[in-house]
Amino acid sequence: MPKRFYEQTRQERLVYLAEQGLITAAEQELLQKNFPLSDEYANHLIENQVAQVHLPLGLAFNFVIDGRARIVPMATEEPSVIAACSFGAKLIQQAGGFQTKSTERLMIGQIVFNDVGNPAKLLQTLAHEEQAILRVAHESYPSIVKRGGGTQSVQYKKQQMNPQSTSFVTVELLIDVKDAMGANIVNAILEGVGAYLQTKVNEEVLLKILSNYADHSLVTATCKVHTRDLARGIAGEGNKIARRIVAATDYANLDIYRATTHNKGIMNGIDAVVLATGNDFRAIEAGCHAYASRKGTYQALTQWTLNEEAETLIGELTVPMLIAIVGGATSILPQATFTQKISQSESASDLAKMIVAVGLAQNLAALRALVSEGIQKGHMNLQAKTLAATVGATDIEVPKLIAKMKEKPTMNQEVAQLLLQELRMENNQS
Ligand code: MEV
């Protein structure tokens with residue numbers, strides 16, 4: 001029987017991907033070299049570069065999103081994340097895969113006036129200037145307008161620390177940045193509009209910056225799971241696990257301590273794809289956690305409901321997902337071109353939908369394990385694998401060392417070290 005993907009060596013995986021036509025010979029060579037980033041590019045990205053930090057890049061399988069099979073690239077240092085994600089996606093695939101939808105994809109840029117004594121008057125002036133604001137916004141970054149994007153609308157708001165204090169008045173521009181990261185586009189437009197407004201309004205501008213609370217770029221993934229699939233064949237057990245998944249989500253909505261961990265599990269998947277594709281994971285993290293607090297308390301980002309009659313668990317995840325496929329590191333990091341291609345991300349929206357589906361699959365796998373056999377069991381194999389690598393086992397030694405470790409009551413680095421020595425002595429004797 002041919003080896004499964006996870007059983008192959010890295011070299012064998014690359015050969016397999018090339019044989020399947022998923023990567024070209026040039027990409028195979030690039031993967032072999034581990035995506036070296038030239039000093040020139042590294043220096044271009046950051047300041048004071050002295051070295052580069054590497055994370056393993058893996059692939060998750062079983063994703064069928066809106067009817068299309070997709071391979072998911074994930075960069076993470078955490079064992080079991082990719083295996084769990086693929087497992088979650090498999091359960092979902094067995095019930096028809098993921099469905100996704102998205103709102104419009106707009107970035108928000110803010111110009112904030114500080115210490116405004118007469119906010120009503122300022123708001124009136126701003127409303128009067130609206131056409132001019134839009135014109136200046138377009139003139140400040142004409143190339144995005146040529147590409148069919150640019151500022152779509154303007155909104156205003158007034159806020160106060162308390163009824164006695166002066167007000168903040170904010171102008172918000174809603175900007176279509178097409179498939180780009182958009183930070184430079186938005187900030188350049190804000191500079192232009194800010195400078196124009198300073199000629200019209202005698203108020204102090206406190207700051208001008210994009211907002212990472214991308215609630216005009218929401219993406220939703222939904223899925224179904226046959227409850228029987230949750231229990232690996234044990235009759236009646238699947239419905240019980242499904243009910244416990246719903247209860248675990250209800251609990252997360254009540255308790256911030258649990259909600260944070262629930263959402264951390266979702267971000268295990270989301271961040272891994274965001275990183276793999278060269279996107280800004282801090283922006284995505286900040287936006288998702290802010291969205292989790294939109295009802296006034298920090299809550300679970302996923303929703304799970306059980307249709308007892310249909311014996312189906314239904315899941316949904318909605319998060320802000322302003323992800324890019326062009327610009328910034330997505331155009332510079334060599335792995336980003338590869339990860340975009342292997343994931344068949346034809347547009348930023350396409351990639352965003354995949355990332356949200358990954359978050360949902362990751363959450364399903366975590367909850368299923370937590371409310372049934374517990375998280376440690378699934379971690380054992382992967383923990384053993386990490387320990388084997390830590391103590392320096394070769395590709396050939398790893399499976400033998402794992403088998404030996406599993407026979408021991410405790411698994412730690414010392415045990416792994418001793419067993420590796422034992423293994424090597426046995427090999428020398430034979
Ligand atoms: C571990 O990285 C993530 C989990 O803790 C998530 C969760 O508890 O839902 C397993």
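1. Domain layout. The C-alpha centres of domain 1 and domain 3 lie 31 Å apart. The model is predicted: local features need pLDDT of at least 70, side-chain atom pairs count only at pLDDT 80 or more, and totals for chains, interfaces and linings use all residues. Numbering starts from 1 along each chain as its sequence is written, and side-chain values use heavy atoms, without hydrogens and water. Domain 1 covers 36-97 + 218-373, domain 2 covers 107-211 and domain 3 covers 379-429. These bounds come from an automatic or database domain assignment.

2. The four-stranded sheet. This open sheet has the order β3-β8-β10-β9, with antiparallel pairing. Its edge strands, β3 (99-102) and β9 (302-307), each pair on one side only. Neighbouring strands are turned by 15° against each other on average, direction ignored. Strands here are DSSP E runs of at least two residues, helices are H or I runs of at least four, and both are numbered from the N terminus. Two strands pair if DSSP finds at least two bridges between them.

3. Six bridges join β9 to the antiparallel β10 (residues 312-320). L306 stands opposite L313 in β10. Helix α11 (residues 281-292) lies across β8 (218-226) and β10, at about 120° to β10. Angles run from 0 to 180 degrees between N-to-C directions, with axes fitted to C-alpha atoms, for helices over the stretch in contact.

4. The β1-β2 hairpin. Strands β1 (residues 57-65) and β2 (residues 68-75) run antiparallel, joined by seven bridges. L59 faces P73 in β2. Two residues separate the strands, and D66 in the turn has a positive phi of about 50°.

5. Positive phi in loops. Most residues other than glycine have a negative phi. N34 has a positive phi of about 65°. N34 sits in the loop between α2 (25-32) and α3 (39-45). K178 has a positive phi near 55°, in the loop between β6 (167-176) and α8 (183-200). N34 is partly exposed at 46% relative accessibility; K178 is partly exposed at 30%. Buried means under 20% relative accessible area, exposed over 50%, partly exposed in between (1.4 Å probe, protein chains only).

6. R258. This residue is found in helix α10 (residues 256-276). R258 is buried yet has no salt bridge; D255, the nearest side chain of opposite charge, is 7.9 Å away. A salt bridge needs a side-chain nitrogen of Lys or Arg within 4 Å of a carboxyl oxygen of Asp or Glu. Lys and Arg count as positive, Asp and Glu as negative; His and the chain ends are not counted. Leaving aside neighbours within four places in sequence, R258 is in contact (heavy atoms within 4.5 Å) with Y251, A252, L367 and L370.
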